[in-house]
Amino acid sequence: MTIAQAESVTHASRQHKPIPRGFEFRLWWLVVPAFLFFMIFFVIPTASLFGLSFNKSAAGVINLTSNISLDNFVRIFTRESYYQSILRSIGISAVVSIAALFFGYPLAYVVAKTVRPSRASLLMILILSSMQLDMVIRMYGLMVLLGDNGLINGTLIRFGLISAPLPLMYNSFGVVVGLVQITLPFMVLSLIGIIKAIHPSLEEAARSLGSSRWHAFRTIILPLSMPGILAGTLLVFALSMSSYVVPALMGGWKVMVMPIHIYQQIAEVGRWQFGAAIAVVLFVTSIAAVAIYHQAASRTAGGRT
Amino acid sequence: MRDEAAIPLSMKAIAFLTLVILLAPAVIVVLAGLNSGDYLTFPPQGLSLRWVRAFLTSPVFLSAYGVSFLIAFLSMAISTVLGTAAAVYLTRTQGKIPAILRGFFMLPIVLPGVVLGLSLYVFYISSGIGLARTMSGLLIGHVIVTCPFVIATVTAALVGFDRSLEEAARSLGASPFAAFRLITLKIIGPAISAGALFAFIVSFGQFEVTLFLSTPNLQTLPIAMYVSMRYQFEPTAAAAGIFAIVLVVFSTIISSRLVNLRRIFAS
């Protein structure tokens, strides 16, 4: 390479280092297609559904009118079956969050502490496969397991341990089991990164100073995993609140949670405005629950979040 | 190894139980689909391809599998193009706007699927743009829910990308586009493929958004299985499930070769 060439190279690099304005401008265009697509098919539809919920409910009518009314919301909060379903949705989601944390934390801990790469990636593949598998297929498996003629009841009856099948499905218990199965991978994935980031020497220091393994875990590892625990339980809570397929199949339409009400109002009664109102309440309730929880949790965590 | 030995036994026991909870449903579906009886008992009655054959000759399940595959493929293609382009902008521009947009593009994951499906259905009917009860209408819903996965995966790869490589190519005379195509795209290629695979799988297993958008003539596999489970509960659905499980396991193994899964999903 001659000196002249080398010079022209350094010259060129000096010229290009601040990216020319023309390129910056064109970069902006890259986001336009996705943005427009989201505006037309995500923002406008959800905003108009929100608007529709403020229209008086009329069977079979779907067009937005300018007559604003709070009738739908008054009805939701005064009719027992509707406000009960809000409380039921929140209660079930809270139980699911706790159960998912209880089962998810140890697996996340094991994955985070696994040193051998082949074993760690095997565990990751198992967790991700189970997360990505169609929920309906997984509910099929759970229904075969928990049904009245299912594997558990069938086996227990055959060996004479029980005379009538245990009620494991088509009730709140079945819905909780189904939701825990669906949400566990999300909990595990929210925790792995946080646990992995905790330096092992912290625990070793506590242990060498005479702390028991359980004590070191409770006072060092658990508080430091708080951000992951918060993120995971929030995610699980939101996913449980909004699930339709799990309560529909595992609850057999006997456990009336908000998404089931939405579907019934639309598909069976044809009251679009009222269905839209329940959808708005579902969305707002899950956001509000998340906000309250976040406030409370950040206070107890002493600002560590 | 020392670290693994330090994991308390009770932790290991619960972790094992959790893996069982995660995997048991899929194992049961495979057993039910290969079982010779009408319903699964313990111990199973015997192996048979009876239900697999029933699936392969069932007009309902086979066409639903085809519809799901087609929609998953098309929404993968569209989201990969839209999402990758958006991710390049999001990671290469500083300021408030890209930060806000990054959150904006993740919103469809937060919004309950039933609500999104319902919104689109109401929008299609009331706007009269001819998308109600059509394949395109369903496809649009799937693109909205799969696009965030592509954006998240590609953004994660671009954030860790060393831009001086691209600048080196530029300084050697490559045009901005050539530098991007020859250097950046080659390096983040695996992440794009992984994002595309996630999009495919999310669309293939999508139920809640599809619920309001599908019609009896346009049933995806999850919807067809759901209908069968609510009304007759036949093992043909389990046999169809086996084919879906195989697809998911393969795609996860392939994506684990393409990107570091622990880095993308656990951060």
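This is a predicted model: local features need pLDDT of at least 70, side-chain atom pairs count only at pLDDT 80 or more; totals for chains, interfaces and linings use all residues.
Chain A consists of 305 residues, of which 49% count as buried. Its secondary structure comprises 15 helices and zero strands.

The size of an interface is often given as the accessible area lost when the parts come together. For chain B and chain A the buried area is about 8800 Å², and carbon and sulfur atoms give 79% of this area. The contact involves 96 residues from chain B and 96 residues from chain A. On the side of chain B that touches chain A, helix H2 (residues 9-34) of chain B gives the most, with 16 residues. The residues on this side of chain B comprise 73 nonpolar, 11 polar and 12 charged. Nine residue pairs in polar contact, both residues at pLDDT 80 or more, are found across the interface of chain B and chain A. The count of salt bridges between chain B and chain A is zero.

A:Ser242 has contacts in both chains. Apart from neighbours within four places in sequence, A:Ser242 is in contact with A:Pro259, B:Pro112, B:Val114 and B:Glu208. A:Ser242 belongs to helix H12 (residues 226-242) of chain A. A polar atom of the A:Ser242 side chain lies 3.1 Å from the backbone oxygen of A:Ala238. The relative accessible area of A:Ser242 is 11%, so this residue is classed as buried, the cut-off being under 20%.

Side chains of opposite charge can pair when their charged atoms come close. Over all chains the count is two salt bridges. One of them is formed by A:Lys56 and A:Asp71, whose closest N and O atoms are 2.6 Å apart. This pair links distant parts of the chain, 15 residues apart: A:Lys56 is in the loop between helix H3 (32-52) and helix H4 (71-78) of chain A, while A:Asp71 is in helix H4 of chain A. A:Lys56 is exposed, at a relative accessible area of 53%, whereas A:Asp71 is partly exposed, at 38% relative accessibility.

A salt bridge is also formed by B:Glu166 and B:Arg92, with the closest N and O atoms 3.0 Å apart. B:Glu166 is part of helix H8 (residues 163-171) of chain B and B:Arg92 is part of helix H4 (residues 59-92) of chain B, so the pair ties together parts 74 residues apart in sequence. Both B:Glu166 and B:Arg92 are buried.

Backbone geometry was also examined. Most residues other than glycine have a negative phi. A:Tyr170, which is not a glycine, has a positive phi of about 60 degrees. A:Tyr170 is located in the loop between helix H8 (151-158) and helix H9 (172-197) of chain A, and its relative accessibility of 38% places A:Tyr170 among partly exposed residues. In chain B, a positive phi near 55 degrees is found for B:Arg133, a residue other than glycine. The loop between helix H6 (113-127) and helix H7 (135-159) of chain B contains B:Arg133. B:Arg133 counts as exposed because its relative accessibility is 53%, the cut-off for exposed residues being over 50%.

Note on methods. Residues are numbered from 1 along each chain as its sequence is written. Chains are lettered from A and ligands numbered from 1 in the order in which they are written. Side-chain values use heavy atoms; hydrogens and water are left out. Helices (H or I, at least four residues) and strands (E, at least two) are DSSP runs, numbered from the N terminus. Buried means under 20% relative accessible area, exposed over 50%, partly exposed in between (1.4 Å probe, protein chains only). A polar contact is a pair of N or O atoms within 3.5 Å; within protein, one must be able to donate a hydrogen and the other to accept it, and residues adjacent in sequence count only if both atoms are side-chain atoms. Contact means heavy atoms within 4.5 Å. A salt bridge is a side-chain nitrogen of Lys or Arg within 4 Å of a carboxyl oxygen of Asp or Glu. Buried area is the accessible area (1.4 Å probe) that two parts lose on being put together, summed over both. Ala, Val, Leu, Ile, Met, Phe, Trp, Tyr, Cys and Pro count as nonpolar, Asp, Glu, Lys and Arg as charged, and the others, Gly among them, as polar.
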